[in-house]
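I set out to record a few look-ups in one structure. The entries below keep the order in which I made them.

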Amino acid sequence: MMITDFPPELERLIVQRTLGEEAARQFEQGLLPNRVLAPLARAVAELSARFTTERNLLPAKYTDSKAARAAYLLYFLPANFPKTALLLDELAAHPDSLLQKEHIRILDLGSGVGTATVSALNYLARKTQVRSIEAVAVDSSAEALAECRSLATEFAQLLEDESPNLSFKLATIVKSLKVDSLDGINGSFDIIIASNLLNELFSGQEGSLRDRARFIKSVAQKFLAADGSILIIEPSLRSTTRELQMVRDLVVAESELNIYSPCLFDDLCPMLREGTERDWCHSAYPWHRPQTIKQIDQMIGNRKESLKFAYMIFRRDGKQLRDAVSNLPGSLWRAVGDMQTEKGRSFIYLCGEGSYRRHTLLKRDRTPENRAFEDIERGDIASISGYIEKEKETRIGRETTVTKAKE
Ligand SMILES: C[S@@+](CC[C@H](N)C(=O)[O-])C[C@H]1O[C@@H](n2cnc3c(N)ncnc32)[C@H](O)[C@@H]1O
């Protein structure tokens with residue numbers, strides 16, 4: 001199974017909660033009839049437009065509506081679920097086994113119907129030795145939180161067969177989150193997640209980026225355990241992603257927080273400084289679309305063929321993803337674009353210490369030592385030594401050695 005795979009038992013549970021037991025039985029036997037999904041497909045199409053091209057029309061508390069909630073559960077939850085898993089997997093890659101704890105406390109801010117909570121529960125139960133998980137989910141929608149409670153509890157019961165010694169507790173808090181209104185949440189947390197929340201906070205208000213940065217700093221100060229992580233996930237639209245990059249710079253410049261990943265270094269975002277307004281730093285992962293998403297995509301003409309999103313993981317203990325690749329020689333770079341191949345050359349944008357540059361290999365300069373360059377994909381980490389700095393790009397030459405970090 002790929003880390004991005006959606007557990008079929010959770011998909012069945014969601015079909016049963018949104019469409020009923022009969023539909024869940026049909027789902028188990030194969031395809032759900034399109035007529036069963038059609039009413040929800042319309043709600044998905046509407047919500048999808050509001051999350052992208054019609055963002056200014058997104059009503060407050062949209063998950064208060066039953067149809068929108070069902071659409072979220074059936075379509076947006078499975079599409080967002082793997083993103084939390086991918087981030088936890090990056091934390092797990094650190095040499096200090098950051099997730100190997102007996103007891104883990106999770107704070108899910110803007111939890112909605114519980115996407116990140118359920119994903120973290122699934123990941124931690126199946127991939128770590130954790131014995132007890134305590135989650136606190138906060139959202140302004142009481143209806144979404146009720147759904148989150150039922151779904152997470154039922155899913156935890158399903159997981160119990162595999163992990164009988166795991167205890168899971170969930171508390172929900174109905175709250176409208178603001179910089180100075182975080183009361184009612186108690187204790188410190190190992191994992192704080194804000195999945196697709198930040199872009200909705202202070203949206204359209206003057207100083208919204210500064211307020212988002214203040215929000216993150218305040219959450220960290222009040223609730224982040226000394227060795228904890230803050231996971232921020234955002235949609236991969238150019239506007240929301242660039243805003244996250246700007247908020248990142250404000251947080252790093254004005255707080256004790258460091259970036260764990262995706263950036264390998266903590267200096268001001270080189271892409272914002274050296275790139276153009278058309279550049280934005282997002283991730284894209286291949287995934288097996290759950291069956292219901294495939295069907296709905298066909299009905300509404302969507303193409304969710306890869307998982308795209310932007311993210312940022314903050315910590316305060318200085319640990320970084322690059323600690324996992326510190327044995328590599330040369331300077332470290334992370335791919336923030338896709339490899340382009342033209343006649344005679346391949347090039348890709350890489351981000352490294354203080355630098356965001358196009359790196360080019362001319363086919364005539366290929367050697368066994370730089371061979372790995374052409375295998376670099378978006379998100380990969382590579383070390384490069386002996387490269388040549390040109391005015392507008394970095395050239396991978398015959399003397400260059402390229403090593404790709406293992407996934
Ligand atoms: C796009 S949904 C994300 C849900 C879930 N975290 C996910 O990634 O699938 C955003 C959620 O944030 C909540 N939200 C937005 N602004 C909020 C605020 N100021 N306080 C609390 N919740 C808020 C909304 O009610 C909604 O449930």
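**Basis.** I worked from a predicted model, in which local features need pLDDT of at least 70 and side-chain atom pairs count only at pLDDT 80 or more, while totals for chains, interfaces and linings use all residues. Residues are numbered from 1 along each chain as its sequence is written, and side-chain values use heavy atoms, with hydrogens and water left out.

**Domains.** I looked up the domain assignment of the protein chain, which gives domain 1 (80–323) and domain 2 (327–404); such bounds come from an automatic or database assignment. I noted 30 Å between the C-alpha centres of domain 1 and domain 2. For the interface, I found 19 residues of domain 1 in contact with twelve residues of domain 2 (contact means heavy atoms within 4.5 Å).

**Cavity.** I searched the whole structure and found three cavities of 30 Å³ or more. A cavity here is a set of points, on a 1 Å grid over the protein atoms alone, where a 1.4 Å probe fits but cannot get out, and lining residues have an atom within 4 Å of a point. The largest cavity holds about 330 Å³ of space. I counted 26 lining residues for the largest cavity, with Pro262, Cys263, Cys281, Val336 and Cys351 nearest its centre. Helix H8 gives the largest share of this lining, four residues (helices are DSSP runs of H or I, at least four residues, and strands are runs of E, at least two). By residue class, the lining of the largest cavity holds 16 nonpolar, six polar and four charged residues.

**Ser261.** I placed Ser261 in strand S6 (residues 258–261). Ser261 is buried, with a relative accessible area of 0% (buried means under 20%, exposed over 50%, partly exposed in between, with a 1.4 Å probe and protein chains only). Not counting residues up to four places away in sequence, Ser261 touches Glu90, Tyr311, Met312, Ile313, Leu321 and Arg334.

**Arg149.** I placed Arg149 in helix H6 (residues 142–160). Arg149 is partly exposed, with a relative accessible area of 37%. Leaving aside neighbours within four places in sequence, I found Arg149 in contact with Leu170 and Thr172. I also noted 9.9 Å between the C-alpha atoms of Arg149 and Thr117, which are 32 residues apart along the chain.

Note on methods:
On a 1 Å grid over the protein atoms alone, a cavity is a set of points where a 1.4 Å probe fits but cannot get out, and a pocket is an open set with protein on both sides within 12 Å along at least five of seven lines; lining residues have an atom within 4 Å of a point. Grid points are joined across faces, edges and corners, and a volume is the space filled by probe spheres set on the points. Ala, Val, Leu, Ile, Met, Phe, Trp, Tyr, Cys and Pro count as nonpolar, Asp, Glu, Lys and Arg as charged, and the others, Gly among them, as polar.
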